[in-house]
Amino acid sequence: MGKWHEVYGQYWPAEQSLLSIELYAYRHGGLDGNRPVDHFKRAFDLTWPNFRWHTWVELQIDAWCRYKVTNVIGHTRASKTYTLAHILYLDYCANPLNTWTSICTVTFGGLKDRMWSDLMTAIGTASFQCPYKIVSTSNEAKIKHLWDSSKSDAENRNLERFQIDGFAVSNTKDAKGRIQGKHAEWRRVIADESQEVEEKCPEYFVAEVNAMSADDGGLGYRGARLANPVDQLSQFGKKCEPTGGWSTVSVDDLFWETGDGNICLHLDAYKCHNMVIFNKLERGEITEEKYKEDLLPFQPKGDYIKSVKEGTLEYWMYIRGFFPPEGLVNRVFNLDALKKSEEVYEFDYEPKRIAMLDPAYEADDCALQILEFGKDREGVVHVNGVESIDVLGTQRFDHKAGRPMTKDMSMAKEIIEICEEFGVEAKHMIMDRTGNGRSLWALLSSEWSHEVHGCDFYGAATDRPLLSTDETPCNDLFQWFTDELWFRAAYWILSGQVHGLSALDEKTIEDMGSRRYTLRGHKRVIESKKELKKRLGRSPDFGDAFCLFAELFARLGIFSGFQNDLGKSEDEDGNLIDAKRAFRDRAKKANELYLEDSMFSSGDYG
């Protein structure tokens with residue numbers, strides 16, 4: 001009878017190493033009252049006895065063992081990928097016959113330089129020789145089982161699918177399939193540079209959800225998303241959002257649970273190991289020699305951290321490792337103003353209803369937004385959200401003609417019924433008639449009323465004013481009509497005259513808050529729909545439909561402002577004039593085009 005030794009209340013063969021026992025205990029949920037994380041940390045120490053432990057390593061390991069998905073935002077050189085690479089290799093070694101790990105980033109070069117390089121370091125410095133085959137070429141990165149001559153070809157091919165597979169979403173045609181088409185008892189999906197990954201592969205998060213089906217309530221699924229934070233409204237940003245919303249955390253928090261039950265780690269350079277000992281040095285608590293001895297070479301030094309100017313984009317992204325506050329990212333809509341606009345407004349008088357439509361193209365939503373508007377006791381116009389509707393356009397039968405209606409006719413009939421149900425008059429409806437939308441607009445004009453407004457999104461900005469308090473024409477501020485359209489709606493939000501956004505589809509706020517702009521000379525140009533779709537993972541149909549309300553108001557001579565819309569201003573001679581009336585006169589002149597509008601007009605201004 002062979003020799004045995006007792007560990008964690010169980011007897012093990014004498015030749016079985018303590019490392020293999022720790023990995024067994026980790027894989028099976030813990031032994032003798034120990035948690036999986038306890039065993040994993042001991043296995044980590046046994047595998048890399050010279051590894052420099054610090055707070056960020058502890059946080060990442062704890063999160064990996066406790067949560068299905070770990071989101072990591074943090075400062076530059078926080079060793080996020082370095083630590084995760086070691087975690088991934090040890091995790092794979094714990095269950096190599098049943099684990100499939102996918103690692104993706106934007107470019108293959110980026111993968112080889114970052115995560116894959118760190119993974120090779122983890123393998124090369126481990127206390128045991130790597131028992132797997134490493135494939136690391138200019139276009140392939142895999143760690144898989146060695147071919148076993150004692151097994152059949154079919155058995156070997158089956159084993160090969162349990163691997164660590166690295167790829168880039170920018171040059172992999174089937175990036176989505178590489179994530180969701182793989183099944184194993186233990187499934188791991190990792191995205192480095194997550195915010196850039198979602199732009200190159202909008203389907204990433206959909207594929208990730210499919211991969212999560214491997215979860216069995218234990219260690220069945222583990223995922224990690226790493227990024228330098230840029231945009232709270234990106235898909236990655238929303239995955240990082242705290243359970244109670246962003247107002248419940250601050251830049252001083254190191255971690256929080258997210259709305260989907262996972263965790264976000266926040267690695268702040270002001271709290272990293274090197275900064276902690278730098279502060280001790282400045283306070284005279286340690287000597288210069290002790291400071292140099294304790295420095296971690298892969299973390300930024302304290303003097304560099306302090307040298308970056310506070311409040312800059314670099315400061316937030318690369319030092320504090322936190323999503324930049326409003327104003328540092330050029331957004332069309334102000335996030336704080338959008339948040340304040342969620343509360344429903346109580347009108348003093350009966351409001352009127354309006355409708356805005358963005359027709360469906362291909363697989364996009366046919367978004368219909370219903371709002372209401374009216375004046376308060378001081379005569380200021382306010383707007384309230386009522387409902388968002390995704391018009392299905394279910395095919396109808398024309399009994400008079402004895403044949404099915406066309407898709408556009410079915411859609412037109414449904415839209416008319418919805419508008420009449422909500423009490424929207426034809427003169428208070430506006431829709432995008434760009435491209436294929438022109439036929440639907442023509443049907444609404446003929447089947448309902450010629451008063452339905454059609455808007456072409458393309459063309460130059462108009463010479464109308466943007467605000468009731470500023471005479472500057474829009475073509476002095478914007479390059480294109482679409483820029484004017486979105487910013488006109490954004491200024492209504494900023495004026496505090498728009499409310500009830502919480503009543504609309506949540507995509508409405510997401511669409512508006514996500515769109516960015518750049519400056520070309522002195523004019524603002526919003527990003528293209530194609531660029532926005534990459535981040536959102538869909539077309540911003542609900543946002544496009546919503547923004548049309550401001551165009552409808554401009555045609556009606558109603559403008560937002562940061563003063564009372566019926567307030568007075570002075571002319572050149574110092575005489576008081578009705579600012580509202582003056583702007584209405586200019587709007588009427590600028591909108592003569594719409595009075596002559598027909599389905600055959602070019603509609604250069606929308």
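**Reading helices and sheets**

Reply: Start with a helix on a sheet. The model is predicted. Helix α6 (residues 115-125) lies across β4 (99-105), β5, β6 (141-145), β7 (164-168) and β8. It runs at about 35° to β6.

Me: In what order do the strands of the open sheet come, and what is the pairing?

Reply: Read across the sheet, strand by strand. Nine strands form it, in the order β5-β6-β7-β4-β8-β9-β3-β11-β10. The pairing is mixed.

Me: Which are the edge strands?

Reply: Look for strands that pair on one side only. Here they are β5 (132-136) and β10 (255-257). Ignoring direction, neighbouring strands of this sheet are turned by 15° against each other on average.

Me: How many bridges join β8 to β9?

Reply: Five bridges link β8 (residues 186-191) with β9 (residues 221-227). These two strands run parallel.

Me: Now two helices. At what angle do the axes of α2 and α3 cross?

Reply: Compare the axes. Those of α2 (residues 36-47) and α3 (residues 55-66) cross at roughly 135° and come within 9 Å. Angles over 145 degrees would count as roughly antiparallel. The pair α2 and α3 is therefore oblique. The crossing is right-handed.

Me: Which residues meet there?

Reply: From α2, V37, F40, K41 and F44. From α3, E58, I61, D62 and C65. By class, this contact has five nonpolar, three charged and no polar residues.

Terms used: Residues numbered from 1 in each chain as written. Predicted model: local features only at pLDDT ≥ 70, side-chain atom pairs only at ≥ 80, totals over all residues. Heavy atoms only, no water. Axes fitted to C-alpha atoms, helices over the stretch in contact; angles between N-to-C directions. Helix = DSSP H or I, 4+ residues; strand = E, 2+ residues; numbered from the N terminus. Parallel < 35°, antiparallel > 145°, perpendicular 65-115°, else oblique. Left-handed = near helix turned anticlockwise from the far one by under 90°. Contact = heavy atoms within 4.5 Å. Nonpolar A, V, L, I, M, F, W, Y, C, P; charged D, E, K, R; others polar. Pairing = 2+ DSSP bridges.
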